[in-house]
Amino acid sequence: MKNEALDIYAKIEDLLGVKDVAPKLYSYYFFILEDLHFNSLLDIGCGSGDFLRSLAMQYPQRNLMGIDRSQVMVESAQAKGVNAVNVELDSIEEQFDIATATFDMVNYLNQDELLDFFETLAQVILKGGYFIFDINSEYGLSELAVGSFIEDDGDRFIAIESFYEDGIYDSEFTLFEKCDSLYKKSIGNIKQYLHNESFFNQLDGWKLKKRLPIKLYDMQDYDKEIYILERV
Ligand SMILES: C[S@@+](CC[C@H](N)C(=O)[O-])C[C@H]1O[C@@H](n2cnc3c(N)ncnc32)[C@H](O)[C@@H]1O
């Protein structure tokens, strides 16, 4: 996936309504973390840093760090005082007690990429540590997130077309951003991949501790699943 598409997403995320439901999602993570002992936490795909910022308020003495593939996201997180960097997971040399990936980051990786990701993450998380993440369910991807979305706040016009087929959710973004008296057009495409419990159950070096289906949007079926994996 090209970083440009992630940067487009970063520029328009505030128009998508995800910030309204994020506190509800984060509250599950806080609930889970309450029961775990940790001194250090790496948030992967930290985005604009809201989760890490809330975490820093609750756990001021811990070593908290975020990484994100989008430079635009990282700058936005840094502007909030969050310790975030635009590096890939495989360049992290430090080890952490816990890793998190909030709001779908794991869906951005296809199965092969995810296998590599878990292999790399196993080097970064200390034995006995945890990886906590959420993914969109099939209902979330195929029913809730599909269709057309248009928003215009004067400085930005965004159109998104999203489709789902055979476990792949595809979003095409068109953004017009105001630059002086002109509009700059950017287009990008982000794919999300459906993953299921059996995949997370057979990963070398990891033990599935819990899968928690949740209804973030209060619809008839669950739209996300939170997973807790232990590094073994
Ligand atoms: C839907 S956003 C969620 C952001 C943030 N975690 C939150 O809760 O608001 C997904 C984030 O994952 C980042 N991302 C996607 N793939 C990534 C990867 N392989 N490594 C690091 N970040 C990634 C994107 O740039 C984006 O910021």
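The protein contains seven helices and 11 strands, and the model I am presenting is a predicted one. Its radius of gyration is 17 Å, close to the 17 Å that the globule rule gives for 232 residues, so the protein is as compact as a globular protein of that length. Taken along the principal axes, the C-alpha atoms occupy a box of roughly 55 × 40 × 30 Å.

Let me turn to contacts and burial. Of the 232 residues, 49% count as buried.

Which residues touch the most other members of the largest nonpolar core? That core has 44 residues, and the ones in question are Leu 25, Leu 33, Leu 41, Leu 55, Ile 98, Ile 132 and Phe 173. Both helices and strands supply this core: at least two residues each come from helix 1 (3-12), helix 2 (18-34), helix 3 (50-58) and helix 4 (71-79), and likewise from strand 5 (125-136), strand 7 (156-165), strand 8 (168-179) and strand 11 (224-231). Helix 2 provides the largest share, with nine residues. As a general point, nonpolar side chains tend to be buried together in soluble globular proteins.

I close with the surface and the charges. The accessible surface of the protein is about 11,600 Å², and carbon and sulfur atoms account for 47% of that area. As to charge, there are 21 positive and 42 negative side chains. The centres of these two sets lie 3 Å apart.

Definitions and conventions
Residues are numbered from 1 along each chain as its sequence is written. This is a predicted model: local features need pLDDT of at least 70, side-chain atom pairs count only at pLDDT 80 or more; totals for chains, interfaces and linings use all residues. Side-chain values use heavy atoms; hydrogens and water are left out. Helices (H or I, at least four residues) and strands (E, at least two) are DSSP runs, numbered from the N terminus. The radius of gyration is taken over C-alpha atoms; the globule rule is 2.2 Å times the number of residues to the power 0.38. Buried means under 20% relative accessible area, exposed over 50%, partly exposed in between (1.4 Å probe, protein chains only). Accessible areas come from the Shrake-Rupley method with a 1.4 Å probe; for residues, only the protein chains shown count as cover. Lys and Arg count as positive and Asp and Glu as negative; His and the chain ends are not counted. The place of a charge is taken as NZ of Lys, CZ of Arg, CG of Asp or CD of Glu. A nonpolar core is a set of buried Ala, Val, Leu, Ile, Met, Phe, Trp, Tyr and Cys residues joined through side-chain atoms within 4.5 Å.
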